[in-house]
Amino acid sequence: MGGWAWVWVWACVAGLGAGVGLGVVKLAEEEDCKEDIRTICKDEARSNFAVLECLQNERRDLQDVVSNKCNHLLWNYKMNLTRSGRIEELAKGVCEEELKENEDCRPGTEPGHTISCMTEKLNEIKNERCRQYLLRLAAIVFSDYRYVKNMVDNCQEEIQKFKCGRVEGTGANRRGQGSTGEDDEAPPPRYVHSQGATIECLSVHANQLGEACHKQILRLAELQSDDFHLDRPLFFSCRDDREKFCGKVRSGEGRVYKCLIKHKTDRGMSKECAEQLSRRQKLTVQDYRANRGIVRACRSAIQENSCRKGSSNDVHDVKLSKILLCLENALRKGASIDGSCRDEMLAHRRQLMEDYKLSPDLMVACQKELDQLCHGGMVSEGGGRTLHCLMKHARSHKMGRKRVTDECKRELEKVVKETDAGEDWRVDPVLHEACHGVVDSSCKDVMGGNARVMRCLMRHLETPEMTSECERALLEIQYFVSRDWKLDPQLHKACVDDATRLCHAKKDWAENSVDGVQVLPCSLQICVPPHRGAQCAGQEVQRVMHERAAYVDLHPDIEMACMEHLAQLCSQNTGPKEEMTCLQDNLEKLGRECKEVVSNYTEAEAKDVRLNADVMTPLLCPCCWGGESCVCAQRVAQHRGGEGDSTLMDCLIRHKNSEAMQGQLKCRIVIEHFQLLSMKDYIFSPKFREACQADVASLCSRNKPRNKADVIECLSGHVRNAVLRDITHKVSRPCRQQLRQQLLQRHEDIRLDPVLQNGCSRDIAKFCKGVAFGKGGGESCVCVCVCRCVYLVFLPSLHPFYSSIFLHALSSITPSPHPSPFTPHSLTPLPPLTTPSPVSHHFLNSLLLYHNYTAPSLIPPHHPSPLTPHPHPQVLECLRTHKANISIQCHRRLFVREQEELQDPGTDVVLMAACRQMVDRYCHDVNSEKLLQCLKSNKDALNFESGCRTVVMRRLVEQTTDTRLNPDLLRACRHDMAKFCSGLFERANASSVELNGLLTECLKEQLPTRKLSTSCRSRVVSLARTAALNYRMDPILVERCRADMNILCQDEADNHMEECLKLAFQQQKLRSEMCRLHLAHIIETQRADLSADPFLNQVCGVDDNKFCTGMESGTHFSCLLDVLERNPQGLNTECREALRKRQEMYSAAIKMTNIGSMSDLVRHVNASTERTYLLMVLFVLVGAIFIGGLFCGRVTKRTKFLKDR
């Protein structure tokens, strides 16, 4: 304190004794107090003012250490000091200029008016001497509420109501009568100097005080804000804490307050001091001017932004929340606010988050939750824990019940809004404590404020650096931030104009909006893709959606609509991403409202793969994040740059079986889950929907599709029929291109083909139960890593027999020059696992599945398999292998899939996987529809891969079973089929299964007649030649000659099987009559064209070129026979012998095919490909004759009767 100020104070004190009737009073020398003062204050207190300060700072109940007489003297002295007019006259020397400026504070008729008035204007006084003078007097004023002007009059009723003390009389005979007149006698000793507790008590009940008293309490709080000494209860309670935590902090301007509040939640802070600090904070919440720091730092900002609008300077109840919201709103609008003011705002926001008791409305609304869920609000782990306890239970929606009422949740939202907790992570002490390490390691270069650190933490939720404590605290805050779009400052800045204009949002940041939950979904719709007239930054909307993708409760529109379904269907799936996945998996079971919001989100997820938290998690899909060499690296770079379309997922789907994806089992599972999800509705495939929406509306409206599978089935049916009938496609080209991608996915995984899967479920269980998952590439890679770890952890707990399987499997996927002799087919029933560990059992099952062990049959019944074999293209191949034995329902659906793949071999996943390199080498410039034909033409090349050749031959064999599986043949021979094989052609059009080559055989039988068109003849001759080289290409031969082949030609290769059967035919060794007749037809067909007989064409090729060059196609065999008859020596010996054998075979065939008797007719009809047609004609003819006979008989009989008559 300045020297001049002390001089004036001493002068005032020295001149006040007369007012007591004692002349000039010197307290330290008065007989009634001399000994007490010397004992308490030693020799330090020489002036009256020093004595008062010493005694008041000693303790609150001075009567315990000071005699009654001294108490009486001190009380009278202070009363006269505050009420005497002389002190006001003396104060003019210190505060003369201030009194001139404040005319309302000049001395009046009422004693003490000037001091009281000037004290109220303390914050406006800049003269330091005057301030210090008034502060010293205020220390005396605030020691007893009766010394404060108007306190007794305005708070009498509240003091009695809340039992905050009594206005005692000055004599023993007037105790309790409330007299406070100047003529009263001295008060009884017990109640002297204890009235600071009265002010404390009233401030505790500030919310319940009358208007006049409430104003007095807030006025006092404002005056006390400058120095904590002025708040006597706080001063006494926090003296030790001040020395402990703030010993080096100079008093004045609220610095000690600020320091103590900073350490309020420290473990070393005394309970009494913490309670007094909370009391002060509550007053500050009700009147921001009760805190000196924010008043000084933010004075200009409050004025410039009209934060006290509607309130005069005399109003003492401008709430802190109003000021904070106003200043935050100004910041959102781009206003410039001083750094010191921002620091004060941050400190007060933190205080509100730290102590829930500073929010009285919250305490009332959440009282039940506090008692039942949060130990009555006495959570002891530190500042802000109780608030986070309420937040945690507000997030919970187990059993479909709200654990926190709507009223309580609204108050929590209000606190988060007032503190703007989403803007700066430092506001929330719990979050700050829990995430400090994560921020230091992962966000150390990120500047604070503007939600930058919060965004960084959200991006690191799925990383190893994220701790469970930080994740929990972060999500509890984000839960409430997500319910008001304005709490994300960057989102608000980017979209406020469009959200206000198009989504009916409130433009003023501080204004509450009842529809705030719906603003973000609305913004997503108008910004992604951009709505006409929208100017918002779609990246910000997408960024928010990406950060919240894994958590349902961060999507309030979904959580509110689906709370019951989450409890009923997803109670066991509560982890990150699990709840959303569960809702999507159960989409058909959801109610209308829930289904709508989940469908909208899934559609958005399909358009922007970054909303799929699994795909965008480097831990699950590391290959997408490993650099330029990885699959879809360009797409990943685009998505990192903000291009959020569906191309990345399309790319991942196309490459999920590529070499680059080997070992990425988890990523493949995520991709396949998305594929399965997209089957629920074709709108979940945005490119497919965009390309085919018009086609679906025009072509599939009769039977409205229920899901994407129905849409694909409808469109693919139209495409297939257009090919079969050789008509113009009704499905547009863009739609066909997208449909091709969907068919490729459907053929890849039978789970994406519910029509086939449901129709063939029993057949799959019967014939394809042990089909392995995967192709043994990527799975082996990941299995090697996992196996070696599990070998050390779980192997000791496995049964020895399981251990042997484990070791064999481990060795089988580790490169070894010697294959293991262990074969899974020789397994005996396995003993049960010796450990109940689900992990070891789960792993063993997975291992068995990976290596072709039939897990469900090997695992004992009392150990249910946690994994079942995943459907794969191999399942489709398995069904094809067992086509002869599967049910008719499954056969029909399988035939449709075969048509799709053979009409467009590019959708044949097995073919493309086996022949990818061959396609790149030989067919890189060939259309997808011609791939099989191209591979067929090159399959005999020396460097053609054997695996690809095997698949190509398998597909060619399938083609021969029905002309509908051979689009080229169908196009070339359509008119010939209708002309020469009409019965079979009509049957083919009506049949839903293969005709097993009957229609092709009918065309072959027309070769000798030379009636087929040129284009058709060349195709049929090519088929006959191919069948001669591989007997499997002739399904009728396989069916009719199977027994003879097994007996007579069992050691022959495929390309010599037909020649072996021909020789047996010539030697009359064939046992089957049907086989002999079919061989006779084959011989006749080959006689019609030399190129249809590859063996004869090979041995006689030179002679054919020598003697028959220029002959018409189909006459070369006859030409060579003429040469054999006229000039046999001119032929090559080998050719001559072959021609003679063929001539003998032809003679036998002619004899076999000629009809010489009724038995020959029956045999030919029975063996004919047109058998059904011929029998039908025969029956019609016989029927016509019978009916005609009946009619003619009756006519002749009547004629004879008439003649006789």
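**Figure 1. The largest nonpolar core of the predicted model.** In this predicted model, the largest nonpolar core comprises 47 residues. M353, L362, L387, L412 and L457 have the most contacts inside this core. At least two core residues each are supplied by helix 18 (339-354), helix 20 (367-373), helix 21 (385-395), helix 22 (406-419), helix 23 (429-442), helix 24 and helix 25. Helix 25 provides the largest share, eight residues. A second, separate core of 39 residues includes I683, C714, V719 and L752.

**Figure 2. Surroundings of L412.** Residues up to four places away in sequence are not counted in this view. L412 touches L362, L387, L390, M391, A394 and F480. Both L362 and L387 are, like L412, among the residues with the most contacts inside the largest nonpolar core.

**Figure 3. H460 in the loop between helix 24 and helix 25.** The loop that holds H460 runs between helix 24 (452-459) and helix 25 (468-481). H460 counts as buried because its relative accessibility is 17%, and the cut-off for buried is under 20%. Leaving aside neighbours within four places in sequence, H460 is in contact with S442, C443 and M466.

**Figure 4. Packing of helix 35 against helix 36.** Helix 35 (residues 686-699) and helix 36 (residues 708-725) pack with their axes 11 Å apart, at an angle of about 70 degrees. Helix 35 is therefore roughly perpendicular to helix 36. From helix 35, residues F688, C692, D695, V696 and L699 meet K708, V711, I712, C714, L715 and H718 of helix 36. By class, this contact has eight nonpolar, one polar and two charged residues. C714 also belongs to the second, separate core.

**Figure 5. The disulfide of C562 and C594.** The count of disulfides comes to 25. In the link of C562 and C594, S to S is 1.9 Å; the link is right-handed, with 110 degrees about the S-S bond. C562 in helix 29 (residues 556-569) and C594 in helix 31 (residues 592-607) are 32 residues apart. C562 and C594 are buried.

**Figure 6. The disulfide of C760 and C890.** The S to S distance is 2.0 Å, and the disulfide is right-handed because the torsion about the S-S bond is about 105 degrees. C760 lies in the loop between helix 38 (754-759) and helix 39 (761-767), and C890 in helix 45 (residues 888-903), so the pair ties together parts that are 130 residues apart in sequence. C760 is buried, with a relative accessible area of 0%; C890 is buried at 0% relative accessibility.

Note on methods. Residues numbered from 1 in each chain as written. Predicted model: local features only at pLDDT ≥ 70, side-chain atom pairs only at ≥ 80, totals over all residues. Heavy atoms only, no water. Axes fitted to C-alpha atoms, helices over the stretch in contact; angles between N-to-C directions. Helix = DSSP H or I, 4+ residues; strand = E, 2+ residues; numbered from the N terminus. Parallel < 35°, antiparallel > 145°, perpendicular 65-115°, else oblique. Contact = heavy atoms within 4.5 Å. Nonpolar A, V, L, I, M, F, W, Y, C, P; charged D, E, K, R; others polar. Buried < 20%, exposed > 50% of the residue type's maximum accessible area, 1.4 Å probe, protein only. Core = buried A, V, L, I, M, F, W, Y, C linked by side-chain atoms within 4.5 Å. Disulfide = S-S within 2.5 Å.
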